[in-house]
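Please open the structure in your viewer and keep the selection tool at hand. The tour moves from one selection to the next and says what is found at each stop.

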Amino acid sequence: MAEYEHILVKRDGDTVTITMNRAARRNSLSADHLAELLAAFRETGETDATGIVLAGAGPVFSAGHDFGDVAARELMGVRELLRLCTDLMGTMQSVPQVVVARVHGLATAAGCQLVASCDLAVAAESAGFALPGGKGGWFCHTPAVPVARAIGRKRLMELALTGDVIDAATALDWGLVNRVVPDDSLDEAVASLLGRATRGSRASKAMGKQTLYAQLDRPEADAYALALEVMASASQLPGAREGMAAFLEKRSPVWPD
């Protein structure tokens, strides 16, 4: 793995952990930080790892965009920064690995956007989530995009318009995270969920993840048309053949990928 200034990247078995490491800046997302995250996800996406954990060092997960960086930019520069952030969110969903957010402390604005863009999310009981632009001067337009798709319209409106922090239990109830656990159980819960989400054929899982995202926002008929063709094609993958053979032969599968 490459060396970075603002993040830490570590592989342990089949899992790569990418840790935002700007604790003094509350893991705020400057252009350099975003570029490193994007590079790390792209690099990991080319490996045979099966899972990625996105974490944050220090007291919070991420406070969102670095206002020092934003304030120094003209219009074109801010567009470039937001495009970089958008590319990161898209890459997290397009890599073949299962991506799990490990959330502690606050995840606000683009930090909340990171959580919503991960495939799965596990939060500590102490975690909080907010789109604070609603009570400030710069509304959370882009962070609201994946959050809306996770929690629905009315809850999004409350989160975005009030700017208030919701606690981890509310985030779970609203569908922003998958699990809420005691702070001292966070790593164990992340590993458990990721382990269950990465079992089986790697190629099948990768195709499945990418197809799920591709069909989510399509009309039902279009979603079925896409899913039908992909599922038919996937039936010919070695992993699918092995899984069906193992079932019919009443034995444990030996995955080829």
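**Where the two domains meet**

In this predicted model, 18 residues of domain 1 are in contact with seven residues of domain 2. To see both parties, select residues 7-198 for domain 1 and residues 202-249 for domain 2, which are the bounds given by the domain assignment. The centres of domain 1 and domain 2, taken over C-alpha atoms, are 27 Å apart, and between them the two domains bury about 840 Å², of which 41% is on carbon and sulfur atoms.

Next, turn to the open sheet of three strands, whose order is β5-β7-β8 and whose pairing is mixed. Select 106-108 for β5 and 166-167 for β8: these strands stand at the edges with a single partner strand each, so one side of each has no neighbour in the sheet.

For the last stop, select residues 202-216, helix α9, and residues 220-234, helix α10, whose axes come within 10 Å and cross at roughly 170°. That angle is over 145 degrees, which means that α9 is roughly antiparallel to α10. Show the side chains of Met207, Thr211, Ala214 and Gln215 in α9, which meet Ala223, Leu226, Ala227, Val230 and Ala234 in α10; the residues of this contact comprise seven nonpolar, two polar and no charged ones.

How values were computed:
Residues are numbered from 1 along each chain as its sequence is written. This is a predicted model: local features need pLDDT of at least 70, side-chain atom pairs count only at pLDDT 80 or more; totals for chains, interfaces and linings use all residues. Side-chain values use heavy atoms; hydrogens and water are left out. Two strands pair if DSSP finds at least two bridges between them. Helices (H or I, at least four residues) and strands (E, at least two) are DSSP runs, numbered from the N terminus. Axes are lines fitted to C-alpha atoms, for helices over the stretch in contact, and angles run from 0 to 180 degrees between N-to-C directions. Angles under 35 degrees count as roughly parallel, over 145 as roughly antiparallel, 65 to 115 as roughly perpendicular and the rest as oblique. Contact means heavy atoms within 4.5 Å. Ala, Val, Leu, Ile, Met, Phe, Trp, Tyr, Cys and Pro count as nonpolar, Asp, Glu, Lys and Arg as charged, and the others, Gly among them, as polar. Domain bounds come from an automatic or database domain assignment. Buried area is the accessible area (1.4 Å probe) that two parts lose on being put together, summed over both.
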